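Look at the chain below before reading on. The report then goes through it part by part.

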Amino acid sequence: MIQTIIVFLIIGLIITGILISSIINKQRRNRLKKRPFPPLWNAIVENNLPIYTRLSPDERRRLQGHVQVFLAEKQFIGCQGLQMTEEMKLTIAAVACLLLLNERGEYFPKLRSILIYPSAYIVNETVATSEYVVEERRVARLGESWSRDQVVLSWEQVQQDTRNWSDGHNVILHEFAHQLDQEEGKAQGVPILPRKSDYPIWARVMTQAYQQLCNDVQRGIKNVMDSYGATNPAEFFAVATETFFEKPQQLLKMHPALYELLQGYYQVDPGEWV
Ligand SMILES: [Zn+2]
């Protein structure tokens, strides 16, 4: 009997501890969000995020708040001797936080650090070339999202993507979409959705658009989304996110159901920013 009481007491204490820490966390984030956004930061974001000035005043204010939290909570690590600058941190934070305007209250919870290389970086990749042969190859990468706790980016690629905002390619949007997808385990093209009833609709619309992209790639037909999205459903979600933010009008025209789905998920309408 006493043992049962002790077990319940311990469980109760753990639950209370979790609740208290989440309240403290929320209050700390609210304080961070209220911090004034320095004019220099504003100038950097304005310069490096072409759609920033097109956001509504409310969206801009919320984005600034998220950037404050993001910068306070995530660690930036320069690789191969790269010195981190405010411009690098703010550019990455501002683009990544565009994905958080839906106010879910989460800030890529698994992510701890962002590793930045000056340009494309080389990794050793193990590839199965046949059933019995596994080869180690050295391949160049521009960015990747690890489900563990890191996102890796090439600064050269980030700069190129922010300069060419409307080409549908953006390594930051891509890798941080993977982070959303990885919040609940492995990336599978399904982030956490607000309601249980959202999942069947998500599956239907995504599968249809993914299959169309796969068909188009096979037949050599041009699609508004990059052919890399036909790799698998996880890459499709990341590529669809890039297209949604960078080529909203074309995506709406070609895939209205997919556009509507992403608009509902991200709670923004990038078509209004064009
Ligand atoms: Zn990817």
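Between Arg61 and Phe37 the separation is 24 residues in sequence and 9.1 Å in space, C-alpha to C-alpha.

This is a predicted model, in which local features need pLDDT of at least 70 and side-chain atom pairs count only at pLDDT 80 or more, while totals for chains, interfaces and linings use all residues. Residues are numbered from 1 along each chain as its sequence is written.

## The chain as a whole

The chain has 10 helices and six strands. Both kinds of element are DSSP runs numbered from the N terminus: helices are H or I with at least four residues, and strands are E with at least two. The radius of gyration of the chain is 21 Å, close to the 19 Å that the globule rule gives for 274 residues, so the chain is as compact as a globular protein of that length. That radius is taken over C-alpha atoms, and the globule rule is 2.2 Å times the number of residues to the power 0.38.

Along the principal axes, the C-alpha atoms fill a box of roughly 70 × 55 × 45 Å. Of the 274 residues, 34% count as buried. Among contacts with a separation of 6 or more, 64% are between residues 24 or more positions apart. Here a contact means that the C-beta atoms of two residues, placed from the backbone, lie within 7 Å.

Helix α1 takes in residues 2–34, and at 1.5 Å a residue its 33 residues should span 48 Å; the end C-alpha atoms are 48 Å apart, which agrees. The expected span is 1.5 Å times one less than the number of residues. The number of buried residues in α1 is zero, so this helix lies largely in the open.

The UniProt record, an unreviewed entry, annotates residues 6–25 as "transmembrane region". UniProt positions are given in the numbering used here, feature names are shortened, and annotations may be inferred rather than shown by experiment. In the model, residues 6–25 are 100% helix and 0% strand, with their end C-alpha atoms 28 Å apart.

How many residues of helix α6 (residues 171–181) are buried? The number is 11 of 11, and the helix is mostly covered. The buried residues of α6 include Val171, His174, Glu175, Phe176 and Asp181.

## Paired strands

Strand β1 (residues 75–78) pairs with strand β2 (residues 113–117) in the parallel sense, over four bridges. Two strands pair if DSSP finds at least two bridges between them. Gly78 has Ile116 as its bridge partner in β2. From β1 the chain passes through helix α4 (residues 86–97) to β2, and this β-α-β crossover is left-handed. A crossover is right-handed if, with the strands pointing away from the viewer, the path from the first strand over the helix to the second runs clockwise.

Strand β2 is also joined to strand β6 (residues 150–154) by five bridges, and these strands run parallel. Opposite Tyr117 stands Ser154 in β6.

## Residues in the loops

Most residues other than glycine have a negative phi. Gln80 is not a glycine, yet its phi is positive, at about 50°. It is found in the loop between β1 and α4, and with 9 C-beta neighbours inside 10 Å it counts as exposed. Phe108 also has a positive phi, near 45°. This residue sits in the loop between α4 and β2, and its 23 C-beta neighbours inside 10 Å make Phe108 buried.

Leu82 lies in the loop between β1 and α4. With 16 other C-beta atoms within 10 Å, Leu82 is partly exposed. Neighbours within four places in sequence aside, Leu82 is in contact with Ile116, Tyr117, Pro118 and Trp155. Leu82 and Gln64 are 18 residues apart in sequence and 26 Å apart in space, C-alpha to C-alpha.

How values were computed: Buried ≥ 20, exposed ≤ 12 C-beta atoms within 10 Å, placed from the backbone.
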